[in-house]
Amino acid sequence: MTAPLDLEYIRRAPKVLLHDHLDGGLRPATVAELAAECGYTGLPVEAPDELAQWFREAADSGSLELYLETFAHTVAVMQTPAGLRRVARECAEDLAHDGVVYAEVRFAPEQHLEGGLSLDEVVDHVLEGFLEGEASARAAGREIRVGCLLTAMRHAARSREIAELAVRFRYRGVVGFDIAGAEAGYPPSRHLDAFEYMRNCNAHFTIHAGEAFGLPSIHEAIAFCGTDRLGHGVRITDDIAVGADGHVTMGLLANYVRDKRIPLELCPSSNVQTGAVASLDDHPFGLLARLRFRVTVNTDNRLMSDTSMSREMLVLVNTFGFGWSDLERFTINAMKSAFIPFDQRLAVIDDIIKPGFAVLIG
Ligand SMILES: O=c1[nH]cnc2c1ncn2[C@@H]1O[C@H](CO)[C@@H](O)[C@H]1O
Ligand SMILES: [Zn+2]
């Protein structure tokens with residue numbers, strides 16, 4: 001018998017998450033406790049439930065720049081070894097508890113140096129925290145593997161250094177590289193040097209592109225930088241026209257993205273909060289899925305959007321009428337697009353995802 005498509009059963013499905021920011025996923029109580037521990041007095045409110053509400057409302061800004069301002073508070077409490085480890089451990093635990101079996105979690109090491117740690121030390125503590133979280137999830141009967149992506153901030157000038165850091169840690173849990181931050185005014189090609197270095201090392205990367213800025217950003221990310229995946233990429237719809245009769249016309253760039261199976265890391269709730277799309281009903285996820293782009297479902301920032309991987313899936317089910325086989329397809333899309341070796345991706349698909357969905361589909 002087919003399982004009901006509700007939150008409880010979606011949480012049981014084996015899920016894959018490619019786009020989740022470590023500093024956007026703290027538990028509200030952890031923000032409050034770490035602030036007290038490290039003497040950070042800048043929090044707007046202190047009770048965990050008020051903090052949860054504050055983050056959601058402040059992030060609900062309609063602009064990426066304002067949305068990003070909320071990260072000042074989470075980054076502020078992630079400056080010590082204990083803080084970094086705890087946040088990473090809880091991240092792995094929370095994702096596992098939600099039924100995520102493979103995740104790539106990203107953060108920007110350059111934002112965690114205020115307590116005097118080196119870039120290498122910051123990465124060490126976060127990776128240690130992920131391992132602890134994987135172990136405690138396993139003890140609770142949940143298997144998860146967390147890979148780490150190192151992000152460089154696009155307004156800064158450390159991307160080459162962060163790319164080198166990612167390669168230095170490639171055998172210790174870092175699986176790729178990314179750039180994030182305000183998009184308008186900071187095109188991907190500004191960081192060409194970092195991407196060329198990654199390519200020269202046969203290493204993987206994704207680029208936040210096509211979120212707050214449109215087609216030129218996506219084009220640069222692909223044609224100049226050679227990105228493996230697109231962080232968001234929702235604005236690819238600027239190159240897709242749907243006529244009144246439903247006839248679809250796609251431009252060269254949209255065709256290229258689809259032909260090359262370039263994965264789109266779509267983040268429905270986040271896209272509404274930053275104003276990349278007007279509402280969930282207007283989100284192009286449904287159109288892009290129907291046109292068979294390689295779409296994946298992601299959380300972006302669980303704290304700012306008060307969401308989880310299961311909730312993002314439920315939102316899509318409710319908005320577009322997707323069924324279990326669609327959710328399985330999006331999950332397999334994500335696993336195919338992960339930055340771990342091919343044989344390992346295949347093993348997750350064959351041994352975990354397909355059997356897990358088979359039980360639900362009945
Ligand atoms: O959706 C997004 N678009 C662009 N940048 C983002 C987004 N979410 C988070 N960050 C930025 O990435 C940094 C490292 O994790 C965060 O501190 C935030 O500034
Ligand atoms: Zn993001």
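Student: Where is histidine 232 placed?
Tutor: Histidine 232 is in strand 6, residues 229-232; a strand is a DSSP run of E with at least two residues, numbered from the N terminus. This is a predicted model, where local features need pLDDT of at least 70, side-chain atom pairs count only at pLDDT 80 or more, and totals for chains, interfaces and linings use all residues. Residues are numbered from 1 along each chain as written, chains are lettered from A and ligands numbered from 1 in written order, and side-chain values use heavy atoms, without hydrogens and water.
Student: Is histidine 232 buried or exposed?
Tutor: Buried, because its relative accessible area is 0%; buried means under 20% and exposed over 50%, with partly exposed in between (1.4 Å probe, protein chains only).
Student: OK, new topic. Which residues does UniProt mark as "binding site"?
Tutor: The unreviewed UniProt entry lists His19, His21, His208 and Asp300. Such annotations may be inferred rather than shown by experiment, and positions follow the numbering used here, with feature names shortened.
Student: Why do they gather at one spot?
Tutor: They span 282 residues in sequence, but no two of their C-alpha atoms are more than 11.9 Å apart, so they gather at one spot.
Student: What does the side chain of histidine 208 make a polar contact with?
Tutor: The side chain of histidine 19, at 3.0 Å. A polar contact is a pair of N or O atoms within 3.5 Å; within protein, one must be able to donate a hydrogen and the other to accept it, and residues adjacent in sequence count only if both atoms are side-chain atoms.
Student: And which side chain is joined to histidine 19 at 2.7 Å?
Tutor: That of glutamate 265, also by a polar contact.

Conventions:
Helix = DSSP H or I, 4+ residues; strand = E, 2+ residues; numbered from the N terminus.
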